[in-house]
Amino acid sequence: MFKKVLEYAGEYRRTTYASIAVMLLGVLMSVLPYFSIYRLIAPPLTGELANPGQSLLWAAAIALCGVLYALLYVKGLSLSHRAAYSTLRNLRVSLQGRLEKQPLGVIKEKGTGTLKKMFTDDIDSIELLLAHALPEGLANVAVPFFVFIAMFFVDWKLALLSLCSLPLGLAAMGAMYQAGTSKVGDYYASARKMNNTIVEYINGMEVVKVFNRDGDSYRRFEQDVRGYRDFTLAWYKVCWPWMALYNSILPCVALFTLPVGAFLVLKDYSTLPDLALVLCMSFGTGAPLLRALSFLAAMPQVSYKIHALEQLMSALPLAQTEAPFSGRDHTVTFDRVHFAYREEVLHGISLTVPEGSLTALVGESGSGKSTLAKLLVHYYDVTGGAIRLGGQDLRDMSLQALNDQISYVSQEQFLFNTSLLENIRAGRLTATDEEVMEAARKAQCMEFLDRLPEGIHTMAGDGGKQLSGGERQRICLARAILKDAPVIVLDEATASVDADNEQYIQEAISELCRGKTLLVIAHRLHTIRDADQILVIRDGRIAQRGTHDLLMEEGGPYRDLVSAREQSQGWNRRPA
Ligand SMILES: Nc1ncnc2c1ncn2[C@@H]1O[C@H](COP(=O)(O)OP(=O)(O)OP(=O)(O)O)[C@@H](O)[C@H]1O
C-alpha cells in the first residue's frame, strides 16, 4: 500500500524518508527519559549512594529529551505534510490524466458524485497514510522494536515476559482487520451511493419541485443517507470490540513482566535492577505502540480507497493513436459495428454517410440512435467492427484530431459560468471577438443578446442558467458554427421550444449545416424530409433505409413512425 502511493511522491519521496528519520529520532527522545528514570532509581536498588550531581544531570536529560521530542515531532510533521500534500497533488493530476484518456462515456457513467468523492475525499484520506501512518506509525513501531531487542541484552527472560502481551494484541488486531475488511466494501459502496444521490438531488431540484416529487426524492435521499449511517455503524460495530481489546492489551507490556518478573527476582533467576530496567523500558514502549495503533484502525479504509483509485486509473483507455487525421475525405462509415454498455445494444450496424450529404437516424426511444452518434464522436470504443472517417479508423487517430473534424451538438447544452462571448469562443479558442460576434449572428443569438444589459459579455451563470433553453441551444450552435468542423453530428433537441425559438434554432442549424457531412438524430420528422438518406433504427439494427419519399411509398416502420407522429403532433410544419 505504501509502495503504491509512494510512486506518486516523485521528488518528494526523499522528503517522506527525511520525515521518517526525524520522527524516529523524535520517538527515541520520548523513550530515552525512561532510561533516565531508571538511572535515577537505580542507586537505592543496587545499594549505591545516590549522587545528587548525577541525579540532577539525569533529571536535566529527561527535560532535554522532552524539548527535543517536541521539536523533532513538529519538524517531522512539517516534512511529512509537505511530502503528503505534494503527493496528493501528483495523485490528482495523474488521476485527471488517466481519466482524460478514458472514454468520455465511461467517465460520465461513473457519476459526478463518485468522481468528486474520488478527487477530493478519497485522495484526501491518503493524507493520513502519508503524513501520519507512514512516518509516525513506522517510527512508533521501530523504536519499541529496538527497545525490545535491547531488553534481551539486559535479561532475556524478562524481555520475553514483556513481549507476552504482543501475540494476544496482534491476534485481536488481525481479527479486527478481517472483520473490518468484510464490511468496508459495503460501507464504501453506500458512501458512493449517497454522494451520487446528493449530487442528483441538488441537480434535479428543479424537476422535483415542478413535478411535486419532493416526497419521492426526499425519500431516496433519506434512504441513502440512512444507508450510509447504517453501513458505517455496522462497520464500526464489528471493529470496535477488537479495537478495544488490542488497545488495552498491546500497551500493557508490564502485564506479565511485573508479577512473573518479581517471582523470578525472588527466586534469584533475575536481579532487581534488571527488573527495574526492563520495566522502565517496557513503560517507554507503551506510549509509542499506542500511537502506532491509532493509525491502524483506519488502514483498511485507506487501503480500500487506494484500491478503488487504482481500479479507476487502470480502466482501459480509449483506443487512439497520436496520429493526425489523414482521411481522404469526410465520408463516415460504420462497418458492422457492435456495441455493448453491459448488454449489446448495437448489433452489426453498417452505414455510409457520403461527404456533404445528410443522413438522418430515426426510431423509437431506446433503439440506439444516440449510441451511434456517441460512437462516431468516440465517446466509447466499439466492441466489434469499425467506424471510419474518410477511410481512417477512429482508433488510428488522436481524439483531438477527430474532434477537429467533428462537431457534436448534443441535447445537453453545457455552458461554462463565464461570459457568453467566451462560451462561444470555446468552439475555436483562437477566434477574434469579431469572428465570435459573426458566429453569434449566424446562430440567431443577436435577437436575445441585444436585450441583455451587457450583451455578449453577460455571464452565462452556473451551467448557463441565466438563459432560456432555446437561447442556450443557440449559444451552443454558435459555438459549433465558429468551430466550422466538416462533419456535424446533431442530436435534435426533444424539448419543445416556442415557435419563435424553433424558427431561430432551425435557421441556426441550417447555417451550421451548410455544405457539411451530416448525421442527424431526428426527433421531429418534418425536419428531415429532404435528407439524402433516412435510416430507421430498431432494437440496435437498421430496419429500413432510403429517402423520405421512397420509405413512405414502401411502407413499413418509417411510415408507421410518421403516422404515429402525425397523430401525436400534427404534420403541418414547415420543412427545415
Ligand atoms: N450509459 C448507458 N448505460 C447502459 N445502457 C445504456 C446507456 N445509454 C443507453 N443505454 C441503453 O442503450 C440502448 C440504446 O440507447 P440510446 O440512448 O442509444 O437510444 P436512442 O434511440 O437514442 O433513444 P432516445 O431517442 O430516447 O434518445 C437503450 O436500451 C438504453 O437503455
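Q: Is A386 buried, exposed or partly exposed, and why?
A: In this predicted model, local features need pLDDT of at least 70, side-chain atom pairs count only at pLDDT 80 or more, and totals for chains, interfaces and linings use all residues. Residues are numbered from 1 along each chain as its sequence is written. A residue is called buried if 20 or more other C-beta atoms, placed from the backbone, lie within 10 Å of its own, exposed if 12 or fewer do, and partly exposed in between. Because A386 has 14 other C-beta atoms within 10 Å, A386 is partly exposed.

Q: Which residues does A386 touch, not counting residues up to four places away in sequence?
A: A386 is found in strand β4, residues 384–389, where a strand is a DSSP run of E of at least two residues and a helix one of H or I of at least four, both numbered from the N terminus. Contact requires C-beta atoms, placed from the backbone, within 7 Å. With residues up to four places away in sequence left out, A386 touches D335 and D393.

Q: Which are the edge strands of the open sheet?
A: The open sheet is formed by 6 strands in the order β6-β7-β8-β3-β9-β10, with mixed pairing, and two strands pair if DSSP finds at least two bridges between them. Each edge strand pairs on one side only, and these strands are β6 (406–409) and β10 (541–546).

Q: Which residue in β7 stands opposite I406?
A: Strand β6 pairs with β7 (residues 487–491) in the parallel sense over 4 bridges. In β7, the residue opposite I406 is V487.

Methods. Contact = placed C-beta atoms within 7 Å.
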